[in-house]
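My entries follow in the order in which I looked things up.

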Amino acid sequence: EQLNLHIRTIAKTNDAIHRLLGVGIAFPGEVSADMLVEMGVEYVILGHSERRQYFNETDQTVNKKVHKALECGLTPIVCCGETLVQREAGVTMEKIRMQVKRALLGLTDRQAAKVLIAYEPIWAIGTGKHASANQAERVCAGIRCVLSEIFDEPVAAKMRILYGGSVTGNNAAALFEMPNIDGALVGGASLKMDFENIVKAKPAL
């Protein structure tokens, strides 16, 4: 029952432009932060690669949404990730660094402590491919370093970093053993029976 509650409270949201600007008017096809709060939603996924690809969301838009989410008492899960072309070109961390820094621009240490970062390599989302535990750890460790450049060391150390990208019951345990991977952002697999195995692979805090 508790697991189902957490699943229900994690919602993808496109916080409409009128909400980003603080204008409380209707905007067809969009969901406002206030509506999500009223429904009891606690977490919002921002900057997902599909939003960036199909709705032309930018790092600047994601940054505005992060600020709005925090203002409304929601917990932002900020996604970042590289394409296969970028990985093969060796510019993974350059891409990730830019996304993270831009998304968190203007946040105080206190605000940053409430934000989760989700590393989702675009080439692994829904493809059946996934980064190895060591590959994912290298990037997540790099994200931790970027966070320490922006915020105080204790804040960066405590911020939660998730891995997403074809997480399964077979690879979850190895991912969760990594020191800089604090959990998983699970998409399609959350609709399958294997999701139980993913949940059980994460030791209780």
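I began with strand β5 (residues 161-163), which pairs with β4 in the parallel sense over 3 bridges; strands are DSSP runs of E with at least two residues, helices are runs of H or I with at least four, both numbered from the N terminus, and two strands pair if DSSP finds at least two bridges between them. I noted that this is a predicted model, in which local features need pLDDT of at least 70 and side-chain atom pairs count only at pLDDT 80 or more, while totals for chains, interfaces and linings use all residues. Residues are numbered from 1 along each chain as its sequence is written, and side-chain values use heavy atoms, leaving out hydrogens and water.

I then looked up A118, whose bridge partner in β5 is L162, and found that A118 in β4 is also the bridge partner of C79. Strand β3 (residues 75-80) pairs with β4 in the parallel sense over 4 bridges.

Which residues of β4 (residues 116-119) point which way? I found L116 and A118 on one side and I117 and Y119 on the other, all of them buried, meaning under 20% relative accessible area, where exposed is over 50% and partly exposed lies in between (1.4 Å probe, protein chains only).
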